[in-house]
Every structure is written in structure tokens, then in C-alpha cells.
Amino acid sequence: MSRPRSALVVGATGSVGQRVLRYLLRGSSYSRIGEYGRYLSDKRELALEGISLTALRRLEQKIIDFETLQDGEWTIEEWDVIYMVLGTSATAAVGSRETFDRINRTFVLKAAHAARRSDGGYQRLVYLSAAGASLHSLAPYLQSRGLTEAGLASIGFDEVLVVRPGQCKHPEAREGITSRQATGSSTGWLRNTIDSLVAPDKIEVSVLAVSVAIAGQLGSDAVRRLIPRGSRLQTRGNEVTVIDNNGASQLGHKAKAARVIADWWC
């Protein structure tokens, strides 16, 4: 694949998605950046955070009704890289399974079908999944993620990269304490229990976001070269690359360090 020129972020208002979007806007890898979702970022807030007006002019936003989304609906935009960061947390799996599956699988797959190019152009898709995702998992959250991975792999993208992080560490929460506990939520203990069971490994959310962004920019071959064998990088089929929590952490830290050096040098 030649250097990708455009990127679409689906679900850019979540904890990881918003950081992916900001990372891309602060960089210069893409001449066009799309933000599609049920909710959109406020451009005024982005400007207050230091995003330049030049970067904001590259941002194309569109509110999406996933219930009525059709295959090929976004084909005309011809996105080179799709960042699929739409989804809900493991805690949501305790509630309505139907609602959870609709957001985490149905909406994700509909969005991927909508974005698939029909002009034969090369496309790369990066999907934010979860550690332990499996078609055969007994945990609803992990089974849903596994089914979504399989569905995305079958659509026909030229490259699919799946990032499977562990439990995200948020800056507003102390080590081992979730943000809900920090604000006094009575359900904090349940969230912690579920997260520790399905995702025992942890990763800083900012590092995870950078790893997702970089994976889309570099592609499978470059990712394999950057992450050593000890990262437990796995491949499934010819074009699907799975990046586990350890690999995502290494990739994110390397990319953050490289950006700091580049900013200092310039």
C-alpha cells in the first residue's frame, strides 16, 4: 500500500477514540480525517486544546444513524484507513445483551460495510477489540468481540489489524481504582471485578490510543518489524494482524518517544 492519505475514525468520542482523533489531528500523516459517529467532537473544544485551525480544516464530521446505515454508504469518501473504535465497556455486558451486541457488533460491522471502497483502492482497517476476545468465550463481552473480529475479517479489507488491550488505566483514576470508584459510584466494585477478570493486563489509555493510531499509519508489515517476538504478536490468515496488550504497549511507547524526539529536534 502506498502512503495512506485519508483516515476515518468511527466512535471518536469514547475514551480511546477521542485520543486517537487528537493524535491524528496533531500529526501530518493524513490530508483528510473523518469523524463519524452518533456524537461528534466540539471543534471549539479541540481548538482550545491546541489543535490548529489548519488541522481542523482537515476534519470532516458526520453524525451517523447506525440503525439505518447501508452497505457502501460511505464509499464515495474513499477512506484509506478506517479506525473502528466504536463500542461499549465490559461492564455494559452485564446489562442488556441485545443492546450491547447491537453497539459492539451490529453497528461496527454495518460501519465497516458502509466504508468499504468499491473502486478497488487499497484499504486498511484497525479494530479496537479486547484481551481474551474469542468466538468461543463464555463471557458475553469477549464472545461479542470475537464475533466482531471474525465479521470484520470476512468483509474483504486488504489489511485488518486487531488491537486487543487489557484494562485501560485512566489518568483521573489512581492505580487499581477505576474512575467510577474515584467519584463514589456504588457500582465501582462491580466494574473493577469484571475488568480484572476479562482483562488482567493493564495499559495506559493514552499509550493505547497512540498504538491504535500508529498501527493504522504503518500497517501490518511495519508493525511486525517494530514489535519483537517477545510481544506475542500473532497473525491469523494472510492479512489479519492481532496486537496483544504487550505489543500495543510497546508500539505506543515507541511512537510517543519518537514524537517527543521529533518535536525537540524540530
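**View 1. Helix α8 is mostly covered, with 12 of its 14 residues buried.** Buried means under 20% relative accessible area, exposed over 50% and partly exposed in between (1.4 Å probe, protein chains only). The buried set includes Val-205, Leu-208, Ser-211, Ile-214 and Gln-217. Helices are DSSP runs (H or I, at least four residues), numbered from the N terminus. This is a predicted model: local features need pLDDT of at least 70, side-chain atom pairs count only at pLDDT 80 or more, and totals for chains, interfaces and linings use all residues. Residues are numbered from 1 along each chain as its sequence is written, and side-chain values use heavy atoms, with hydrogens and water left out.

**View 2. The length of α8, residues 205-218, agrees with expectation.** At 1.5 Å a residue, its 14 residues should span 20 Å, and the end C-alpha atoms are 20 Å apart. The expected span is 1.5 Å times one less than the number of residues. Gly-219 follows α8, with a positive phi near 90°.

**View 3. Helix α5 covers residues 140-153.**

**View 4. Helix α1 (residues 17-26) crosses α8 at roughly 55°.** Their axes come within 8 Å. Axes are lines fitted to C-alpha atoms over the stretch in contact, and angles run from 0 to 180 degrees between N-to-C directions. From α1, Arg-19, Val-20, Tyr-23 and Leu-24 make the contact (heavy atoms within 4.5 Å). Their partners on α8 include Ala-209, Val-210 and Ala-213.

Key:
Helix = DSSP H or I, 4+ residues; strand = E, 2+ residues; numbered from the N terminus.
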